[in-house]
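Hello,

I am handing over the structure we spoke about, with its sequence. Please look through it first; my notes on what was found come after it.

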Amino acid sequence: FSQLFQEKGGLATDQGAQVSSMADDPNVPKLSMESKLILQRLKIWEKVQNKYLHLISKKDVEALFDVLDPEEKGYVSVNELMALEQVPNMSMSHTDLKGLLDDADISKDGKVEVDEFHKAITSASVAFNMAKDIVNKKDPEPKTTEISREDFLEWLHEEYETSAALYSLPTLCLYLGGYIWFMATHLDNWNTQRMSKALNSQIPSSSSATAGAKQLMAWLQGAYLSNFFRQDGEVHPGRVGLYNQMLGGVRFVRSYYDTGQCWNNDRVRALYDSNGGNCARAGQLQQETYHFPYHLDASIHRELLQNLTAQPWIDASTVSLESQATFLNAQANKFSFQSMLWTLGNDGQISLWTTYETWMADPYAAPDAILPDLAMLLLLIKFTHSSLKEFIPALKKGLGGLQDYCTLSNLLDWLAIFGGFVIVTGYWWIVAVVGFMLPLSLGNLHKTALDERAANSTTFLSKEDIGEVVPYNELLENIGDFFVVAQFIRDIHILWRAFCALYSFLLVAKFLKAVSANPRLDVVIQTLRKCSNNIAHYFIVFASTFFCFSLAANLLLGSSFNLYSSIQTSLFTLWDTKPGRSNFDNFSLDQQFLAYTWVLVLEILVNKIILNLLYCIIFDAYYEVKAELGKPQTLIEQVREANQKRNETRSHVGLWTLIVQMEDDINPAHPAPVINSRSLKRAFQALGMTRGNADYVLRKALEFKEENRVKSELDVSDGVRLVGQVHNTLLKNLDLASYTRQMVMDKVTQQDAAQQLELAKLVSRSLAGMTSQNRLHVPGSVATGDSDDDTEEEVVMKPPFSEDSSRAALDEVNRVVEMLESLRDANADVAAQVTQELAEVRRAEGQRFEWLNEEIGKLEAGLSSMETRIGKIGVSFSGTDFQKLAEVPRDLEYEDEDEDEPNIFEPPEIQGADFLRRVEMNLKDLRSKLDEFSAKPSSDGLEISSELWQIEIALRKLNNGKTVLPLSVFQNHPTENNKSGSSNDAG
C-alpha cells in the first residue's frame, strides 16, 4: 500500500510541480479564476504556441498588461508576470518565462513596461530558444521535482564553502584586528627602530675600520673603546648614550680556519706556496672569545687589544670578527642585542654589518598589555571549535571521511589555527626566558656591587679590585654564560618574528578565501585565476629576456660597479634602477656604443613593451570576468540575504552533516541516483529533517543547477539549416499567398455579383411600390382598354422620378434605417445582459474553484499524515519475519465484534471517502445550476454556449478530462423573441 501510495503521490507531484513551485514563492501573487480565464483567451499565447513571435504586436502585449495592470501604473512587476505560470495550458515553460523576464527587466529594478516586454518576447532569448528548437538543439526543460545525486552533492559543497566563507568573514576581520593589535603591542617596531638609530649614532665613522686589519685594530683601540667604555665620571658606569645601559660588557668572537693544503692541483699549490702548497683557510673552522667587562679600566682593554694586534690577531686565516653587546633601555622598556660583524672575504676586502635585535624587558608592565593576548586566544578557540564541528563527523566516517575533509580550504583553516597558537605560545616562551633565565644569568654578574665600586673610583677597577667582589675569571665565565642566554633570546626572537611574517601571508590567503564568497570581492581572485595560464607563459618570455639583459649588465658593468658584480645583484639592481650616463664615462667609444644600445633596447623592449603586455593580460581577464558577473550582489546585500537565510534554516540539518552522511564509503545516506523531496526526507529523518527542510535544499539545488547549466549554442551548420528552413517557409508562404489571393478574387467577384443582384432587387421593389399615375405613355400610343382588339401595341416607359415619388422612396429608406437601429439596440441590450450573467457565472466559478483548492489542500494534508503514519508502521514492522506472518489466516472471525465499531485493520485511505462524496455532491449542484441557467431565454444562445464550453474545458482539466457539465447545457432553445427577430431580419 505504501509503495502504491508513493507512486500515485509522486505522479501527482510531478504533474503539479510547476504550479506548486510557483505557489511556494510568497512574492508571486495568486490570480483569480476570472483573470486566468481572460489571460488564457489572449491571442498572444496562440502566436507563441505556433512560434509566430514576429507576429506579436504591441496591442497583444497591451492586452496582457491590461489584465495584469488594472491600476494603469504603466508597468508590471516581475513577480506579477511570474504569476502567468498559473494560467492553464500556457504555451511557455518556466525556463522560457524566467528568461523572458530577465531580458525584459533591463534596468533590474523589478519593473517591466510594455515596450520592454514586446522587445524581449520578439527578439531576445525566447526567440533564440525557438530557433534552437527548430534545429533540435533546444535546452531540455529542467526538472523541478528531482535532481541527480552528483548535482546535489556539487551544490552541497558549493553552498557549504560559500556559506562557511561568508560567515567566517566577520570573525576573520576581528582576528586580523586582534593580530595587528597583538603585534603592535609586543613588538613596538617604531620605538625599536628609534632605539637602534640612537645606538648606531654613538659609533663614530667606521670607514677606517674596513680599510684593513691594522686599521680595524687601531679603530677598536681608539674610537670604539672611547665610546663604549666612557670612564670620565660624567655618566653612569656602562651607560652608552643617555638611556642605554650595557649589561656585563662586550664580547669579541673571532672565527678563523686552521692552515691546510690548498684544494687546487699541485701546480697551482706550488705556484701559490712553494713550502708545501698551504692555504690559510683550508682547515677546520675555529672560534675564540674575549670578554671585556665594562667595570675594568679602559687602559687594560686597550693593552689587551695592542697585544692582540701584535700577534697579529686578525690575519689571513680570520673569517670574521664580531663585537656583541647587550643593552637595557628602561625608558623604552627594551632589551637590545647589538652585533657588529666584520667579514674578511677571500679577496681581502673587509665588510661591516651592524644589526640590532630588540625585545620587551617587561611585556606586561601595563595592565592592559594582556588584553590582545586574550583576544587572540579567544578567537583561536572560536576557530578551533568551528573546525572541530566539521572534523569530528568526518573522523567518525573513517579514512574516506578524512580524505573528503582534507581540502585546501580546511588545510588553510588548520594552518591558521596552528600558526596562531604557535605565535601566542612562542611569545609566552620568550617572555618566560626573559623573565626567568635572563635574571638568573644577570644575578651572577654582581652588577650592583661592581657599579658602586666603579662609581666611587676615578680610574675604574683593576682585576684585583674586581677580585675583591668576585674572582675575575669567574666573572668572565659568568659574562660568557650571560651572552649565551642573550644570544639564545635574540635567535628565538628573530625566528619568532620571521614566523609572524610568514603567518601574515597565511592570513592573507585565508582572507582571500573568505572574500571569495562575495562576487564583487571575488573579482580579483577570479581575474588572477583566469589569466594565470597566460601570465605563466608570459613570464617565460619575460624571465628569459630580463635575464639576458641582466647578464649583459654583469658583463659590461660588473668589473667596475659593485651593484653589477654578480648575476644575483645585477638582477635586483636592474629591476630597481637603470644604469645612467655616468656609468659609461670611463668606457671606450666602442664600449659606450654597445652600452647605449643595450640601455635603449632594454628601455623599449622590456620596460615599455613587455611589462605593459602584462597589464594588458590582466585587464583583459578583468573585463572578461566583470562581463560574466554582470551586476553581482554587494557585500551588504549578501550579508542581509545570508542573515535571512540563516533565520530560515536555523532548524535545518547542517550542510556539512549532509555531505559527510552522503559521502560515507561504507554506509552512504541516500545511495539512490535520483533525489526528490520525499526520498531526501526519508533518508535523513533520523537526523530530524522535516518536509520543509527537504523542499528548501532541493529547491536551492535545482536553482544552482539551472544557473550553472551549460546551454547549447548554434554553430555555422545550424545557421545554414535555419536559413534553408526559412527559405522553404517563404516559398510555401508565397504559394499560399497566391492561392489565397485567387480565392479572395473569386470571392470578391461572387460578392460583387450578389451585391449587384440585391441592389437591383431593392430598386425593383422600390419602383414596384409607386402608384400607376406616375407612369407615362409614349406619344402616339393607344391606351389599353377592355376590348379584345390588339391592333395597337401599348408602349409603357419608366418616366423620371417625380418629387412625390422621391419623397416616398426616402421615407421608405428612413423607415428601414430606423428598423435596423432598433434591432441593433435590442441586440446590444441582450448582449449586455448575457455578459453580466456570464460575469456572475465566472465569479461563482471562481469561488467554487477557490473552495475546491482549499478542499484539495485538506486532502493533501490528510494524505501527508497518512504517509507519516505508514512510515511509522513500516518502522514498527522492521525486523518482522513476513514469511511467518503470511501463515496467519487472513480471514479472522470475531464473535463479539460490534458492527458499528470501526475496524482497526481498515486502510486509512477510506477516511477520504467523505470528502470525495462532498465533492461529488457539489459537482452535482453545479450541474443543476448550469442546467437552470441554460434554460433561461436568451437572444444570443450561441455566444452563451461558447462561454459555457470554455468553462467546461477548464473544469475538465480539473477533473482529469472527465465531463462535468451535461450536454443539455449546450443545446439551443429558440424563443419567441428569436422568432420575431428572425422575421424582422427577413423583413
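His670 sits in the loop that runs between helix 25 and strand 12 (674-676). Please keep in mind that this is a predicted model. The phi angle of His670 is near 50°, which is a positive value in a residue that is not glycine. His670 has a relative accessibility of 7%, so it counts as buried, the cut-off being under 20%.

Asp188 has a positive phi as well, near 50°, and is likewise a residue other than glycine. Its place is the loop between helix 10 and helix 11 (189-201). Is Asp188 buried or partly exposed? With a relative accessible area of 22%, Asp188 is partly exposed, because the buried class takes only values under 20%.

**The chain as a whole**

The protein chain has 987 residues, and buried ones make up 33% of them. Its secondary structure comes to 33 helices and 14 strands. If contacts in the chain between residues at least 6 apart in sequence are taken, 72% of them join residues at least 24 apart.

**The disulfide**

How many disulfides does a search of the whole structure find? The search finds 1. The disulfide is formed by Cys262 and Cys279, with their sulfur atoms 1.5 Å apart. The link is right-handed, with 100° about the S-S bond. It joins distant parts of the chain, 17 residues apart: Cys262 is in the loop between strand 6 (260-261) and helix 13 (266-272), while Cys279 is in strand 7 (residues 278-279). Cys262 counts as buried, at 5% relative accessibility. Cys279 is also buried, at 17%. Another cysteine, Cys173, counts as partly exposed at 41% relative accessibility.

**The second largest pocket**

About 1200 Å³ of space lies in the second largest pocket. Its lining is made up of 41 residues, and those nearest its centre are Tyr160, Ser163, Ala164, Tyr167 and Glu390. Several helices give two or more residues to this lining, among them helix 10 (149-186), helix 15 (371-396), helix 17 (408-443) and helix 20 (472-515). Which helix gives the largest share? Helix 10 does, with 11 residues.

Helix 15 has 26 residues, and from its first C-alpha to its last it reaches 37 Å, close to the 38 Å expected at 1.5 Å a residue. Just after helix 15, Gly398 takes a positive phi of about 85°.

Helix 21 (residues 523-557) falls short of the span of a straight helix. Its 35 residues would reach 51 Å in a straight helix at 1.5 Å a residue, but its end C-alpha atoms are only 44 Å apart. Where does helix 21 bend by about 55°? That bend is at Ser532.

Ala298 belongs to helix 14 (residues 298-310) and is buried, with a relative accessible area of 10%. Leaving out neighbours within four places in sequence, Ala298 is in contact with Leu225, Phe229 and Gln231. Ala298 and Phe460 are 162 residues apart in sequence, yet their C-alpha atoms are 8.1 Å apart in space.

The loop between helix 14 and strand 9 (318-329) holds Pro312. A cis peptide bond joins Gln311 to Pro312, with omega about 0°.

Val114 is part of helix 8 (residues 114-123) and counts as buried at 16% relative accessibility. Not counting residues up to four places away in sequence, Val114 touches Lys58, Val61, Glu62 and Phe65. Val114 and Ala104 are 10 residues apart in sequence, and 9.3 Å separates their C-alpha atoms.

Regards

Methods. Residues are numbered from 1 along each chain as its sequence is written. This is a predicted model: local features need pLDDT of at least 70, side-chain atom pairs count only at pLDDT 80 or more; totals for chains, interfaces and linings use all residues. Side-chain values use heavy atoms; hydrogens and water are left out. Helices (H or I, at least four residues) and strands (E, at least two) are DSSP runs, numbered from the N terminus. Buried means under 20% relative accessible area, exposed over 50%, partly exposed in between (1.4 Å probe, protein chains only). Contact means heavy atoms within 4.5 Å. A disulfide is a pair of cysteine sulfur atoms within 2.5 Å. The expected span of a helix is 1.5 Å times one less than its number of residues. The bend at a residue is the angle between axes fitted to the seven residues ending there and the seven starting there. On a 1 Å grid over the protein atoms alone, a cavity is a set of points where a 1.4 Å probe fits but cannot get out, and a pocket is an open set with protein on both sides within 12 Å along at least five of seven lines; lining residues have an atom within 4 Å of a point. Grid points are joined across faces, edges and corners, and a volume is the space filled by probe spheres set on the points.
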